[in-house]
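Let's take a friendly walk through this model together. Have the sequence and the 3D view side by side as you read.

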Amino acid sequence: MATPITGLQLVQRKPRGDQRGYLQRLFCAEDMQTLGWTAPIAQINHTYTARKGTLRGLHLQLLPFAEMKLVSCMKGEVWDVAVDLRAGSPHFLQWHAVLLSAENQRSYLIPAGFAHGFQTMTDDVEMLYCHSQPYMPASEMGVHPMDKRLAITWPLAASEMSDRDNQGILLDTDFQGVNV
């Protein structure tokens, strides 16, 4: 499902089940290619967040390791945000948020050039990420999740945030975006 920001997609997973439980396809290269995923999966990450209200992000990788992400919530619920930082994009600095949960079985397909973060809406959240590029610390960029220029309206007061995320940059008026 398309979002108001070009390239940013919400993907509805479709479990197939019976009395034993279900099987669910998390990634299909053919299906994802029609949505803009054009690379092999280079890395898969799993995160656990203990407390409701925790903020994680906003993160992205810069060239030459700019990455697409397919983000899924496997346990609990998150308010997941993607921010368009692509230089020259008609949606530059716009953000879009979706609710991802184990229950709604949705995934967020986030193109290269977007910063990504989330806030946990429940305790005990588990997330699964497919990345089109391996993590490279020298190519990482972090934007402060409370950046006034972005004006993201997080649904809860932040209960926790890492030192790393708290030290994310604030986008000054000279920031013209990232190349992808």
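## L150 and the cores

Setting aside neighbours within four places in sequence, L150 is in contact (heavy atoms within 4.5 Å) with L58, V83, L93, W95, V143 and L171. This is a predicted model, in which local features need pLDDT of at least 70, side-chain atom pairs count only at pLDDT 80 or more, and totals for chains, interfaces and linings use all residues. Residues are numbered from 1 along each chain as its sequence is written, and side-chain values use heavy atoms, with hydrogens and water left out.

The largest nonpolar core has 18 residues, and L150 is one of those with the most contacts inside it, together with L58, V83, L85, M141, I152 and L171. Two elements, β5 (55-61) and β7 (77-84), each give two or more residues to this core. Another core, of 16 residues, lies apart from it and includes I5, L8, V78 and F118. A nonpolar core here is a set of buried Ala, Val, Leu, Ile, Met, Phe, Trp, Tyr and Cys residues joined through side-chain atoms within 4.5 Å. Buried means under 20% relative accessible area, exposed over 50%, and partly exposed in between (1.4 Å probe, protein chains only). Helices (H or I, at least four residues) and strands (E, at least two) are DSSP runs, numbered from the N terminus.

## Q61 in its strand

Now turn to Q61, which sits in strand β5 and is buried, at 4% relative accessibility. Which residues does Q61 contact, leaving aside its neighbours within four places in sequence? They are A66, E67, Q133, P134, Y135, M136, S139 and E140.

## Salt bridges

How many salt bridges does a search of the whole structure find? The search finds six, each being a side-chain nitrogen of Lys or Arg within 4 Å of a carboxyl oxygen of Asp or Glu. One of them joins E160 and R51 (3.1 Å, N to O). This pair links distant parts of the chain, 109 residues apart: E160 is in the loop between β12 (140-142) and α2 (163-166), and R51 in the loop between β4 (43-49) and β5. E160 is partly exposed at 36%, and R51 is partly exposed at 42%.

R86 and D84 also pair (2.8 Å, N to O); R86 is buried at 15% and D84 is buried at 0%.
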